[in-house]
Each structure stands twice: as C-alpha cells, then as structure tokens.
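Me: I should like to learn how to read the features of a protein model. May we work through one together?

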Amino acid sequence: MLTKCENCEFHIHETDEFCLNCGINHPTKDIHLPKSSQVILSTLKLLSFKIFFALLLTLIILFLITEGDFSILVSLQDYILLTSLTIGFILSFVSVPLVKIWYKTNMVSQRLKNRNNLTSIKRIIDKRLSDLSNRSYQIDIVLDRIKNTDSEQLQETRKKLLSAREIVTGQYARYELQAKKIEIARVQNNVLPFLKNLHRLTEFETENGLITIENTKDKVEKIRQNLTNFYAIEFPKAIQSERDNFLGQLTETEDSCDKLREALLSKQAARALRGISPIEENINAPSSKEIAHAVETFNIQSTLTDFSESFEELENEYLRLRAENDVGKKLSTEREL
C-alpha cells in the first residue's frame, strides 16, 4: 500500500523503514508537537488575539480623541504604547509558526539517520560537481598559458594536464549523470501511485493521472535533450555505455507512461460507454502483464539499489584520486622546503 512521507511527501510503501528520498526514519509517523508544546502555542495564540484587540481598542480610542489626526500626538508615552503593542502583536503571531517550524525541523534532523537517500546523495553530487568544475577551470588556465613554442619540458607538462583534464571531465560527466538518475527517480515517483492503484482510480484521479503522465514525458524529454546536447562533446568514450544504459531507462520510462496513458484512457472510455452494449465489450486495454512491467520499471527500490552501486564506485574513484592529489601536493611542498 502506497502512502506519502510525512516529511517530504515522497510516495513510499507503508512498510518502508525510512524514506528513500529524504532518509527520515519511520516516514509514515506524524511529526506532532508534544502536549506541553501545544499548550504553550495555544497560550501564544490566545495572547496574540488579546494583543490584537488591545491594539485595535487603543487605536479606536486614539482616533476618537484626536478626531483622526494622529499628528497631534506629541507625548512620548503615546508612541511607546503604540510601538510596544505593535511589536508584541507581530511577535506573538510570528512566534507560533516559527516554533512549529523549529520543532519539526529539529525532530526531522533527529530522525534523519539513514544516509542512503536521494537528498543526501544529491548534496554530495553538488559538492563534487563544484569541486571538479573548479579543478577543470584551474587546469584550463594553465593549458591556455602553455604555447606550442614553449620548451620540451612544458610540452610534457601540457600532456599531463590534458590527461588530468580528461580524468576530471570524465568524473564530472559521471556525477552529472548520477544527478540525472536522481531526477528521473523523483519524476517516476510521481507516476507510481496511478500505476499501483490503477483499478481503484476515480474519474478525478484518472484525469490527474493523465496530466501527470504528460508532465512526466515532458521532463523525460528535457533530461534526454540535456544528456544528448551536453555529453555529445563532454562525455568520455570510455563511459558512454553508462550513458546509453540511462538513455535506455528513459525510453522504458516513456514506454511505461504510454501504457499507463492507454490504460487510463481505456478506463475513461469504458465509463463513457457504460451501459451501451455491445460497444463497451470491445474496448481493448493494456494487458495485466504490460502494466506489471510498467510498475517494475517504476520500482524505486530497485532503481536506488542499482544507482547506489554505481554511485559508490564513482565515489571511491573520486576519493582515491583526491587522496593521490593531496599526497602529490604534500610531497611537492616538502621538496620546496
């Protein structure tokens, strides 16, 4: 049975111990304030209304006294009273949602114990992309300064820089691909409830499903275009198979969306033709086998398992090269000393 994570609203199974998107443990458990905190917040709300009515009453009295001309108020006490009431009114109203946000954020941070989730991995990917982009930029600066007429030693250095840039470019491309895998997993998750609950969808839910499918196909096409345009130049030949496998996954996602769209339209047609025999008996819908395959395509657990393996391999390679680079810098510094 599908449900939503209480923290990020990612679609999950009721039996999942943690959310695959945000990592929160017990994702179906409501994040409620304790009774003691609820009493405090209720008091704050009551205080807010009292201050509001006190401020309103004060303004009405001042309006009547001054006949609408507040400029004649010259007493410092009058301004202090108005300012205090206004600040107290604002703070009392703002404090209630702020306390709720703080508490829920604190509770979520305590429950975020599983690091094998899409949000945490995406943060790591963003850091890696920033670092690799900076390293590539530094290499390009030096390459631009080495001329064809420079010494043989600098030409050897240039070859090493070109090799280093190829490694950095390859890693950047692979991390970028991992980010796209996360993006497609989240896109697929939006469609999953309509696949799982296909035979129980209401007319309204069916219509929403059709809209979601169209949006999903648009996003998939944008991801494909981004991959094709960017990696036509940047993607190293040695790891093009990884890109091709992902492009195959995009195609399967589109095919599954088409099957679901066909099933939903058949469902709508059957409702429209209900009671008009024998026409309603001739409606052909996708087979159960086709729908089952579509559900498997959108299986986030298996997707995340495959993704985790390739991401872990990439991380190990990145950290190894990073360690070698740090050692090289240390040795270079020691020689200079």
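Me: How many helices and strands does the protein have, and in what order do they run?

Reply: The model is a predicted one. The protein has 8 helices and 2 strands. Read from the N terminus, the order of elements is β-β-α-α-α-α-α-α-α-α.

Me: What percentage of the residues count as buried?

Reply: Of the 337 residues of the protein, 36% count as buried. Among contacts with a separation of 6 or more, 72% join residues 24 or more positions apart.

Me: How should I read a nonpolar core, and which residues touch the most other members of the largest one?

Reply: In soluble globular proteins, nonpolar side chains tend to be buried together. Here the largest nonpolar core has 26 residues, and Cys19, Ile125 and Tyr175 touch the most other members. The helices α3 (118–145), α4 (152–196) and α8 (300–336) each supply at least two residues of this core. The largest share, 7 residues, comes from α3. A second, separate core has 11 residues, including Phe194, Leu198, Leu201 and Leu210.

Me: With which residues is Ile125 in contact, leaving aside its neighbours within four places in sequence?

Reply: With those neighbours set aside, Ile125 is in contact with Tyr175, Gln178, Ala179, Ile182, Phe307 and Phe311.

Me: Are Tyr175, Phe311 and Tyr318 buried or exposed?

Reply: A residue counts as buried when its relative accessible area is under 20%. Tyr175 has a relative accessible area of 0%, so Tyr175 is buried. Phe311, at 7%, also counts as buried. Tyr318 is buried as well.

Me: How can I check the length of a helix such as α3?

Reply: One compares an expected span with the distance between the end C-alpha atoms. At 1.5 Å a residue, the 28 residues of α3 should span 40 Å, and the end C-alpha atoms are 41 Å apart, which agrees. At the start of α3, a side-chain oxygen of Asn117 comes within 3.2 Å of the backbone nitrogen of Thr119.

Me: Which residues of α3 are buried, and why might their spacing be of interest?

Reply: An α-helix has 3.6 residues a turn, so residues three or four places apart point the same way. Among the buried residues of α3 are Leu118, Ile121, Ile125, Leu129, Leu132, Ser136, Ile139 and Leu143.

Me: What does Val168 touch, and in which helix is it placed?

Reply: Val168 is in helix α4. At 6% relative accessibility, Val168 counts as buried. Not counting residues up to four places away in sequence, Val168 touches Leu132, Ser136 and Ile139. The C-alpha atoms of Val168 and Arg135 are separated by 7.5 Å, although these residues are 33 residues apart along the chain.

Me: How many disulfides does the structure hold, and what is the case of Cys19?

Reply: To judge this, one reads the distance between cysteine sulfur atoms, and a disulfide requires a pair within 2.5 Å. The structure holds 0 disulfides. For Cys19, the nearest cysteine sulfur is that of Cys8, 3.5 Å away, and Cys19 is in no disulfide. Cys19 is buried, with a relative accessible area of 0%, and Cys257 is buried, with 1%.

Key. Residues are numbered from 1 along each chain as its sequence is written. This is a predicted model: local features need pLDDT of at least 70, side-chain atom pairs count only at pLDDT 80 or more; totals for chains, interfaces and linings use all residues. Side-chain values use heavy atoms; hydrogens and water are left out. A nonpolar core is a set of buried Ala, Val, Leu, Ile, Met, Phe, Trp, Tyr and Cys residues joined through side-chain atoms within 4.5 Å. Buried means under 20% relative accessible area, exposed over 50%, partly exposed in between (1.4 Å probe, protein chains only). Helices (H or I, at least four residues) and strands (E, at least two) are DSSP runs, numbered from the N terminus. Contact means heavy atoms within 4.5 Å. The expected span of a helix is 1.5 Å times one less than its number of residues. A polar contact is a pair of N or O atoms within 3.5 Å; within protein, one must be able to donate a hydrogen and the other to accept it, and residues adjacent in sequence count only if both atoms are side-chain atoms.
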